[in-house]
Amino acid sequence: MPLLQIDDDGFRLDGEPFRILSGGLHYFRVHPAQWRDRLRKARLMGLNTVETYVPWNLHEPRPGEFRMDGDLDLPAFLDLAAAEGLYVLLRPGPYICAEWEGGGLPSWLLAEPGMRLRSRDPRFLAAVDDYFDRLLAPLTTRLATRGGPVLAVQVENEYGAYGDDTAYLEHLAGTIRRCGVDVPLFTCDQPADLERGALPGVLATANFGSRPAQNLATLRALRPSGPLLCTEFWIGWFDRWGGHHVVRGAEQASQELDELLATGASVNFYMFHGGTNFGFTNGANDKHTYRPTLTSYDYDAPLDEAGDPTEKFGAFRAVIAKYAPVPAELPPARGEKFSREAVELAESAGLLDCAPLLGDAVASRQPLTMEQLGQDFGFVLYETDLPEAGPALLVLERVRDRAQVFLDGQPVGVLEREAHEQAITFSVPHAGSVLSVLVENQGRVNYGPGIHDRKGLPGDVLLNGARLGGWTSRPLPLTSLADLPFAAAAAPPTGPAFYRGTFDAARTADTFLHLDGWTKGCAWINGFALGRFWSRGPQRSLYVPGPVLRPGANEIVVLELHAPGRARTVDFRDAPDLGPVEE
C-alpha cells in the first residue's frame with residue numbers, strides 16, 4: 001500500500017497529491033458477515049477510505065481478557081477493506097464517544113474508587129498502556145508502512161471538549177508510537193475546542209456538519225499550513241428515547257459537502273453507514289438530564305441500518321464525481337427482506353423467579369454497583385427483607401438508570417433517572433416482606449464529565465428516613481438464556497418475564513422485528529441480542545441482520561419488563577419504523 005505524507009500544501013500518497021474521501025463504518029455495529037457488502041458499497045459511492053473507531057470495552061471486557069476474534073476480528077475487517085481497495089483511518093481511543101456505552105471505556109475502570117478517566121491518573125494510564133500493547137501489536141502488519149491499509153491513527157477523540165492536558169495527549173501519542181505505529185497520527189476536535197485538543201507535531205483536524213468554509217478557516221488559523229481534514233462531517237444525527245427520528249435533507253447536506261470539497265479539503269462522512277447498537281451497547285448523554293440513545297444507529301446515513309442506499313448515497317456520489325473519479329457500477333437499490341406476521345410467543349418464564357439461574361447473588365450491607373459486581377451491561381436485582389409492616393416511603397438516592405420496585409413479587413412502581421425520580425410510597429403488609437428493586441443500566445454516559453457513570457444503586461437507600469441494610473445484589477447480564485425453564489401458560493406471569501416462540505424461514509434475509517403493543521425490554525433471535533425496544537419511541541422496530549436467521553426453525557426470545565403485547569405476538573416486516581421525523 002502507498003504511504004500517506006503530510007506536506008505544507010496537503011496530503012500526498014507516495015509523492016502524489018491525495019484527497020481523503022472517507023466514510024465512517026464501525027465494524028462493531030455491523031454483523032461480520034455483512035462487512036464485505038458495506039465496504040464494497042463505500043467504494044461504489046466514490047470513497048477511497050473508511051474510518052472506524054475501536055471499542056475498548058468490547059475488546060477487553062475484563063482486565064487482561066483481550067479478544068479480537070469473531071464479531072471483533074478487526075484484522076479481518078482491515079483485510080477486507082484492503083481487498084476492496086480502500087484505505088483506513090483507525091481511531092483506537094482509548095475514549096471514542098460514538099454514542100457508544102461509556103464512550104468505549106471499559107466499565108471495570110470505574111470499580112476503582114476515585115478513578116479519573118481521560119487523565120494522567122496513573123491507574124488509568126497503566127490500563128491504557130496495556131490495552132494499546134494488546135490492540136496495536138497485531139495490527140502493525142496492517143499499517144500502510146507494512147503494506148496494509150491503515151493510513152493514519154487518531155490520538156484520543158475530541159479531547160478539547162473535555163480537558164486541556166497536553167501531557168496526557170503526549171503520553172497517549174508516545175504509547176502508540178512505542179507500540180510500533182509509524183504512520184501519521186492525528187487529533188480531531190470541534191472548531192471551538194481545537195486549540196485545547198491539538199498536540200504539537202500531530203495533524204489537527206476538525207469535526208463539524210455545516211459552514212465548512214468558516215470551520216476550515218478556524219482550523220487554518222490554528223495550523224497555517226498542512227492538510228485540511230474534516231474527520232467528522234456530520235451528515236445526520238443520532239436519536240434518543242422519547243425524542244424524534246432526526247434526519248437531514250440530502251440536498252442541503254450535499255450542498256455543504258460541495259462547499260467543503262471545493263476548498264480542497266479532505267473529508268470523512270460521519271456516518272457512511274451507522275449500523276446498530278446491538279444488545280446493551282448504546283450510550284447516553286447527561287447535560288443535567290440523562291438521555292439514553294436508541295438501539296438503532298441509522299444516523300440518516302448514505303446506507304441505512306440494513307445497508308441499503310438512501311437518497312444521500314446518490315446525492316453524495318454525484319458531488320464526489322465533480323472532484324474525483326467514481327466507479328461506474330451502482331449497488332442494488334434494496335436488498336431482499338424477510339417477512340412473517342403474527343409469530344406467537346406462547347412460552348414464558350418470570351424474571352424474578354428465574355433470577356437465580358441468571359446470576360449469583362452477593363450479600364452486602366449496602367447495594368453494590370454493577371462495577372463492584374464486575375458487570376458491564378444488563379440489570380441488577382437488589383433484594384432485602386423489610387423490618388416492619390405499615391406505610392413506607394422508599395427513597396433511592398441515585399437511580400442508575402431505571403428502577404422497577406416490587407414488594408413480595410408484586411410491582412409497586414418505577415423510578416427513572418431521566419425524570420429525576422427518587423421516592424415511592426407503598427404499604428408493607430407484614431414484617432419480613434421482600435423488597436426487590438430491578439435496576440436497568442440504560443447505557444453509560446459517553447460524553448463530558450458524566451462518563452464516570454457507575455450503574456445500579458450507587459447511593460443510599462432509605463425507608464422512612466432510615467438506611468436499609470442486609471442486601472443481596474444479583475448481576476443479571478443476560479449473556480445466556482439457555483437455562484430458563486420456559487413453559488406454556490394461559491396467562492402471562494406477573495411482572496418482568498421472558499417470552500419465547502419459534503418461526504420458520506424458507507430463506508435468510510434482513511428483516512425488522514415489530515413489537516406492536518409491547519412496552520419495554522430486549523429481544524434475541526437465535527441467541528443474538530438485537531437490542532432494546534421501548535414503546536416510548538421513536539424507534540418501534542428492531543433490525544434483524546439476515547445472517548442471524550437460519551433456514552428452517554428459528555427462536556425468538558423477548559424480555560418484557562411490563563405487560564406483553566396483544567396476544568403475545570410479534571411481526572417481522574420488510575421495513576423499519578424509526579418514528580416520527582424531525583429535520
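# Briefing: a chain of helices and strands

Let's start at one spot: Asp300 is found in the loop between S14 and H9. Helices and strands here are DSSP runs numbered from the N terminus (helices are H or I with at least four residues, strands are E with at least two). What you're looking at is a predicted model, in which local features need pLDDT of at least 70 and side-chain atom pairs count only at pLDDT 80 or more, while totals for chains, interfaces and linings use all residues. Residues are numbered from 1 along each chain as its sequence is written, and side-chain values use heavy atoms, with hydrogens and water left out.

**The whole chain**

- Along its principal axes, the C-alpha trace spans about 80 × 55 × 40 Å.
- Of the 583 residues, 60% are buried. Buried means under 20% relative accessible area, exposed means over 50%, and partly exposed is in between (1.4 Å probe, protein chains only).
- Among the contacts with a separation of 6 or more, 79% involve residues 24 or more positions apart. A contact means heavy atoms within 4.5 Å.
- The accessible surface is about 20,700 Å², and 51% of that belongs to carbon and sulfur atoms. These areas come from the Shrake-Rupley method with a 1.4 Å probe, and for residues only the protein chains shown count as cover.
- You'll find 54 positive and 75 negative side chains, with the centres of the two sets 1 Å apart. Lys and Arg count as positive, Asp and Glu as negative, and His and the chain ends are not counted. Each charge is placed at NZ of Lys, CZ of Arg, CG of Asp or CD of Glu.

- Three strands make an open sheet in the order S1-S2-S3, with antiparallel pairing. Two strands pair if DSSP finds at least two bridges between them.
- Strands S1 (4-7) and S3 (16-17) are the edges, each pairing on one side only.
- S2 (residues 10-13) and S3 are joined antiparallel over 2 bridges, and Arg12 stands opposite Pro17 in S3.

**Helix H1 and its cover**

- H1 covers residues 35-44, and its buried residues are Trp35, Arg38, Leu39, Lys41, Ala42 and Leu44.
- Those buried residues are covered by several elements, including strand S4 (21-25), helix H3 (74-83), helix H9 (311-320) and strand S32 (541-544).
- After H1 comes Gly46, with a positive phi near 105°.

- S32 runs antiparallel to strand S29 (residues 511-514), joined by 4 bridges. Phe512 stands opposite Tyr543 in S32.
- S8 (residues 185-189) is largely enclosed by the rest of the structure, because 5 of its 5 residues are buried.
- In S8, Leu185, Thr187 and Asp189 lie on one side, with Phe186 and Cys188 on the other.
- S8 runs parallel to strand S7 (residues 150-154), joined by 2 bridges. The bridge partner of Gln154 is Phe186 in S8.

- The peptide bond from Gly93 to Pro94 is cis, with omega near 20°. Pro94 is in the loop between strand S6 (87-91) and helix H4 (122-136).
- Another cis bond runs from Arg400 to Asp401, with omega near 25°. Asp401 sits in the loop between strand S19 (390-396) and strand S20 (402-407).
- Back to Asp300: its phi is positive, near 50°, in a residue other than glycine. Asp300 is buried, at 16% relative accessible area.
- Ala342 has a positive phi of about 50° too, although it is not a glycine. This residue is in strand S15 (residues 340-344), and at 48% relative accessibility, Ala342 counts as partly exposed.

- Lys287 is in the loop between strand S13 (284-286) and strand S14 (290-292).
- Lys287 is exposed, with a relative accessible area of 63%.
- Lys287 and Tyr447 are 160 residues apart in sequence and 9.2 Å apart in space, C-alpha to C-alpha.
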